[in-house]
Structure formats: C-alpha cells, structure tokens
Amino acid sequence: MFDAGAKFHVADNTPYVRYFLASIIQMQIFKGLCQMTIFDRVAPEEPLPMPLHRCDIYGSKRAGKILRKSLSLGASVHWTEVLKILTGSEKISAEPLLEYYKPLIDWLQHTIHKFDIPGIRAPGHGDRHRMFDAGAKFHVADNTPYVRYFLASIIQMQIFKGLCQMTIFDRVAPEEPLPMPLHRCDIYGSKRAGKILR
C-alpha cells in the first residue's frame, strides 16, 4: 500500500508550484553550465555545437568553478544575480527545457501524425514560442493543493479494478485475482460494470 501521509508535502499541504519552477530553472542552469564547459563562459547568444540533451558536464572543472562561485554567495545577493552568473540572464526562461526535450517532442509529433492518434493534438510549430501562463491555471494562481488529484488517481484505479472484477466475476471480488493484468482489462460496453456504476 502507498501511504500518502508518508509524503511530507501531502501531510503538510505544501504547494508544488516550487517544483514546477525548479524544473524550468534546472534546465536553464544546466544549459548555462554546458555553455561554460564548452565556451569557458556563459554565452546565451551562442548555440551549443550539439543538442542540449547530449551535453555532459560530469567532471567539468569549468562548470564546477562557476557553480561553486554561485553557491558560495548564499543569500548575500538577490537570487536573480545568481541566476545571471549561472545562465547569463536574470529572467526565468523555459526555452532550455523545450530545447532539452526537443527530440522527444519531434518524435511525439511524428508518431501522432504517422499513426493519426485520435484525441491528441501535437503542439504546432508556433506553440513553443508562446509563453505558458501559469496564472491561467486556477490551481496555481489560487495556490490550491493538488492532493485531491493525487487521491482521485488512487480512488479511480480502485474503482476501475472493482468494475473489472464485476465484468469478469459478476461481483466485486477483491479476494480473487484478475485472470489478466489490470491494464489489459476492458470495461468498455460492459453491462455488468454499467449496472454497478449506475
């Protein structure tokens, strides 16, 4: 059993918006360290000679030097100054994140188009240049905890398993194992599952 209360953020009701920003800033800093490793300076105007996901900063003395310099500042300066040292810019940018995942995005677009997968719209070429407005997502602006969605996912799977059991055994039978993996169970059109759901 997964114990939601064992995850501090759930029990403490800590907002996850910091992790949303951390993922963006992490890639921005990673790109800055890659530029430092290759060019010996943070040069955001110069493109890297390889895709960002291929950059390897492991063991780089140049990247270590700039990272040590920025971390040694601690809280003595505003965080935007530290960001400028590491990335060459005081502004948070999602461009390095999109650049890092570009091969995956391209593959997904190709696969969605090739197999004409319904219900999925591949991002258009202009989409990556539009700013993501986190404030447009009510939960971010209102600082609404996401714990309800976490619990909803767990309950959803529990109900799905019960409906699968109803479809196969004509009763909810948690003590009997399903004759197939749960992800293979298909309740679409099942009158038995519909009956219990109704």
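Phe-30, Tyr-100 and Tyr-101 form one aromatic cluster.

Some ground rules. This is a predicted model, where local features need pLDDT of at least 70, side-chain atom pairs count only at pLDDT 80 or more, and totals for chains, interfaces and linings use all residues. Numbering runs from 1 along each chain as its sequence is written, and side-chain values use heavy atoms, with hydrogens and water left out.

Now the cluster. Rings of Phe, Tyr and Trp (its six-membered ring) pair if their centres lie within 6.5 Å; planes under 30 degrees apart are stacked, over 60 edge-to-face, and the rest tilted. That rule gives 2 aromatic pairs. In one of them, the ring centres of Phe-30 and Tyr-100 are 6.1 Å apart and the planes sit at 80 degrees, so this pair is edge-to-face. It links distant parts of the chain: Phe-30 is in helix H2, Tyr-100 is in helix H5 (residues 95–100), and 70 residues separate them. Tyr-100 also pairs with Tyr-101, again edge-to-face, at 5.0 Å centre to centre and 80 degrees between the planes.

Are these residues buried or exposed? The cut-offs: buried is under 20% relative accessible area, exposed is over 50%, and partly exposed is in between (1.4 Å probe, protein chains only). Phe-30 is buried, at 17%. Tyr-100 is partly exposed, at 24%. Tyr-101 is partly exposed too, at 37%.

Next, the fold. The chain has 9 helices and 0 strands. Both are DSSP runs numbered from the N terminus: helices are H or I with at least four residues, strands are E with at least two. From the N terminus on, the order is α-α-α-α-α-α-α-α-α. Of the 198 residues, 23% are buried. Take the contacts (heavy atoms within 4.5 Å). Among those with a separation of 6 or more, 46% join residues 24 or more positions apart. The accessible surface comes to about 14,700 Å², and carbon and sulfur atoms own 61% of it. Areas come from the Shrake-Rupley method with a 1.4 Å probe; for residues, only the protein chains shown count as cover.

On to charges. Side chains of opposite charge can pair when their charged atoms come close. A salt bridge here is a side-chain nitrogen of Lys or Arg within 4 Å of a carboxyl oxygen of Asp or Glu. The count is 3.

Back to H2 and H5 for one of them. Glu-99 and Lys-31 meet in a salt bridge, 2.7 Å from N to O. Glu-99 lies in helix H5 and Lys-31 in helix H2, so the bridge ties together parts 68 residues apart in sequence. Lys-31 is buried, at 17%. Glu-99 is partly exposed, at 28%.

Then Asp-40 and Arg-62, at 3.6 Å from N to O. Asp-40 sits in the loop between H2 and helix H3 (61–72), Arg-62 is in H3, and they are 22 residues apart. Both ends are partly exposed: Asp-40 at 41%, Arg-62 at 37%.

What about Asp-106 and Lys-102? Their closest N and O atoms are 2.7 Å apart. The two are separated by about one helical turn, because they lie 4 residues apart in helix H6 (residues 102–115). Asp-106 is partly exposed at 33%, and Lys-102 at 36%.

Now the surface. Which residues form the nonpolar patch? They are Leu-151, Ile-154, Ile-155, Ile-159, Ile-196 and Leu-197, with about 530 Å² of accessible area together. Patch residues have over 30% relative accessible area and no salt bridge; like charges are joined within 9 Å, nonpolar side chains (Val, Leu, Ile, Met, Phe, Trp, Tyr) within 5 Å. Helix H8 (147–169) and helix H9 (191–197) each supply at least two of the residues. H8 gives the most, with 4. Ile-196 lies in H9. Ile-196 is partly exposed, at 40%.

Last, an annotation. UniProt, in an unreviewed entry, places the feature "binding site" at Arg-18. UniProt positions use the numbering here, feature names are shortened, and annotations may be inferred rather than shown by experiment. Arg-18 is in helix H2, residues 17–39. Arg-18 counts as partly exposed, at 49%.
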